[in-house]
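Please look at the sequence and the structure shown here before reading on. The explanation that follows is meant to be read alongside them.

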Amino acid sequence: MPHPHLARADSSVLVVIDFQEPFAKAMAGRATVAQNIATLVRVAHIAGVPVIVTEQNPERLGPTTPEVRGVLEELDLKDDKLFKLAMA
């Protein structure tokens, strides 16, 4: 029996929030952050953990960065798991 404090795939979700160009380019260590997000997405996919990606106002700020978008496409994770949030 697993330890009660360990995360389980069947009760977990990975949420990638607004990793878009304007935000990403302002980050120190952007390449490392992008690589870590890509790794987390791959591992979550293998473990059967749902992956949800959000984009804040993509019409103005652009889509998820190419590094992360590429992994999502590679794993055939569809846009139905991509939430586009518009700011009024």
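Predicted model: local features only at pLDDT ≥ 70, side-chain atom pairs only at ≥ 80, totals over all residues.

Residues are numbered from 1 along each chain as its sequence is written, and side-chain values use heavy atoms, with hydrogens and water left out.

We begin with strand 1, which spans residues 14–17. Helices (H or I, at least four residues) and strands (E, at least two) are DSSP runs, numbered from the N terminus. Strand 1 runs parallel to strand 2 (residues 51–56), and four bridges join them; two strands pair if DSSP finds at least two bridges between them. Within this pairing, I17 has T54 of strand 2 as its bridge partner.

In a regular strand the side chains alternate between the two faces of the sheet. In strand 1, L14 and V16 form the covered face, while V15 and I17 form the uncovered one. I17 counts as exposed because its relative accessibility is 58%; the term exposed means over 50% relative accessible area, buried means under 20%, and partly exposed lies in between (1.4 Å probe, protein chains only).

In the segment before strand 1 lies S11, which is likewise exposed, at 52% relative accessibility. S11 and V49 are 38 residues apart in sequence, yet their C-alpha atoms are 8.2 Å apart in space.

The loop between strand 1 and helix 1 (21–24) contains Q20. Is Q20 buried or exposed? Q20 counts as buried, because its relative accessibility is 0%. Leaving aside neighbours within four places in sequence, Q20 is in contact (heavy atoms within 4.5 Å) with E55, Q56, N57, P58, L61, G62, P63, T64 and T65.

Finally, consider helix 4 (residues 66–74), whose buried residues are V68, R69, V71 and L72. These residues lie on the same side of helix 4, because they cover an arc of only 160 degrees around the axis; the arc is that of the directions from the helix axis to the C-beta atoms. An α-helix has 3.6 residues a turn, so residues three or four places apart point the same way. On the other side of helix 4, the exposed residues are P66, E73 and E74. Just after helix 4 comes D76, which takes a positive phi of about 60 degrees.
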